[in-house]
Amino acid sequence: MGTEIERKWLVSDESWKQRPHLPTTHIQQGYLSFGADQAQEVRLRLETCSPEDTRAFLTTKSKGGLIRTENEISIDPDIARKMFSLCQGHVIKKNRTRIQDESGLLIEIDEYQGELQGLVVAEVEFTKAEEQFSAPSFLGKEVTEDQSYKNASLAQYGLPETFQQKKNNKKPGP
């Protein structure tokens, strides 16, 4: 079994777009099972970097915040596409852009699409829970322990209420 040590933040501005980055990946992610009390989720993921470069994965993840158990296997993308009907609408779409910070850590920026449009989060994986990290200025509120920002929760319930209120209260631009 693998262990994922990951922190998550809301992205507060678009200054990250000025940094060098890897090509953006389109991700379609569906949930086959949420488990009792979301103790264990089963996820299907299709990652498309280009029409010629599509990968698919079947993943189990435990419930948790900073540290979670994760097991992932590669599957045929055509099989994954057929399996999405089993997700019963619990599907999210996002564009992921990867950038490196000054220390070499990879920051994954996810810009959600569809019903979750407007939500932008950043995730950073660590090798140790106590690893130090100097967050860049574009990282806002940390939401690592907020279960409503977990992808499984977003797929099942939509935008967190606090984010929805903030989005609705936003004043239109000039």
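Where is E6 found? E6 sits in strand β1, residues 2-11.

This is a predicted model: local features need pLDDT of at least 70, side-chain atom pairs count only at pLDDT 80 or more, and totals for chains, interfaces and linings use all residues. Residues are numbered from 1 along each chain as its sequence is written, and side-chain values use heavy atoms, with hydrogens and water left out.

1. Overall make-up. The protein has 3 helices and 9 strands. Helices (H or I, at least four residues) and strands (E, at least two) are DSSP runs, numbered from the N terminus. In sequence order the pattern is β-β-β-β-β-α-β-β-β-β-α-α.

2. Dimensions. The C-alpha trace spans about 45 × 40 × 35 Å along its principal axes. A compact globule of 174 residues would have a radius of gyration near 16 Å, and the protein agrees, at 16 Å. That radius is taken over C-alpha atoms, and the globule rule is 2.2 Å times the number of residues to the power 0.38.

3. Of the 174 residues, 42% are buried. Buried means under 20% relative accessible area, exposed over 50%, and partly exposed in between (1.4 Å probe, protein chains only). Among contacts with a separation of 6 or more, 59% are between residues 24 or more positions apart. Contact means heavy atoms within 4.5 Å.

4. Strands β3 (residues 40-50) and β4 (residues 53-62) run antiparallel, joined by 10 bridges. Two strands pair if DSSP finds at least two bridges between them. The β3-β4 hairpin has 2 residues between its strands. E41 stands opposite K61 in β4. Next, β4 pairs with β5 (residues 67-75), also in the antiparallel sense, over 6 bridges. Here F57 stands opposite S74 in β5. This second hairpin has 4 residues between its strands, and G64 in the turn has a positive phi of about 155 degrees.

5. E41 and R68. The search of the whole structure finds 17 salt bridges. A salt bridge is a side-chain nitrogen of Lys or Arg within 4 Å of a carboxyl oxygen of Asp or Glu. One of them joins the side chains of E41 and R68, at 3.1 Å from N to O. E41 is in strand β3 and R68 in strand β5, so the pair links distant parts of the chain, 27 residues apart. Both residues are buried.

6. The β6-β7 bridges. D110 and K94 meet through their side chains in a salt bridge (3.1 Å, N to O). D110 lies in strand β7 (residues 106-112) and K94 in strand β6, so the pair ties together parts 16 residues apart in sequence. Both D110 and K94 are buried. R98 and E108 form another salt bridge, with the closest N and O atoms 3.3 Å apart. This pair too links distant parts of the chain, R98 in strand β6 and E108 in strand β7, 10 residues apart. R98 and E108 are both buried. Salt bridges that share partners join K8, K94, R96, R98, E108, D110 and E123 into one network.

7. K150: a point to check. K150 is found in the loop between β9 (139-142) and α2 (151-157). K150 is buried yet has no salt bridge. The nearest side chain of opposite charge is E6, 5.9 Å away. For charge, Lys and Arg count as positive and Asp and Glu as negative; His and the chain ends are not counted. Not counting residues up to four places away in sequence, K150 touches K8, G64, G65, R68 and T144.

8. E6 again. E6 counts as buried, at 10% relative accessibility. Leaving aside neighbours within four places in sequence, E6 contacts G65, L66, E123, V124, E125 and T144.

9. Cysteines. The structure holds 0 disulfides. C49 is in none, and the nearest cysteine sulfur, that of C87, is 20 Å away. A disulfide is a pair of cysteine sulfur atoms within 2.5 Å, so the sulfurs of C87 and C49 are too far apart for a bond. C49 is partly exposed, at 29% relative accessible area, whereas C87 is buried, at 1%.

10. Q88. Phi of Q88 is near 50 degrees, a positive value in a residue other than glycine. Most residues other than glycine have a negative phi. Q88 is found in the loop between α1 (77-83) and β6 (91-100), and is exposed, with a relative accessible area of 67%.
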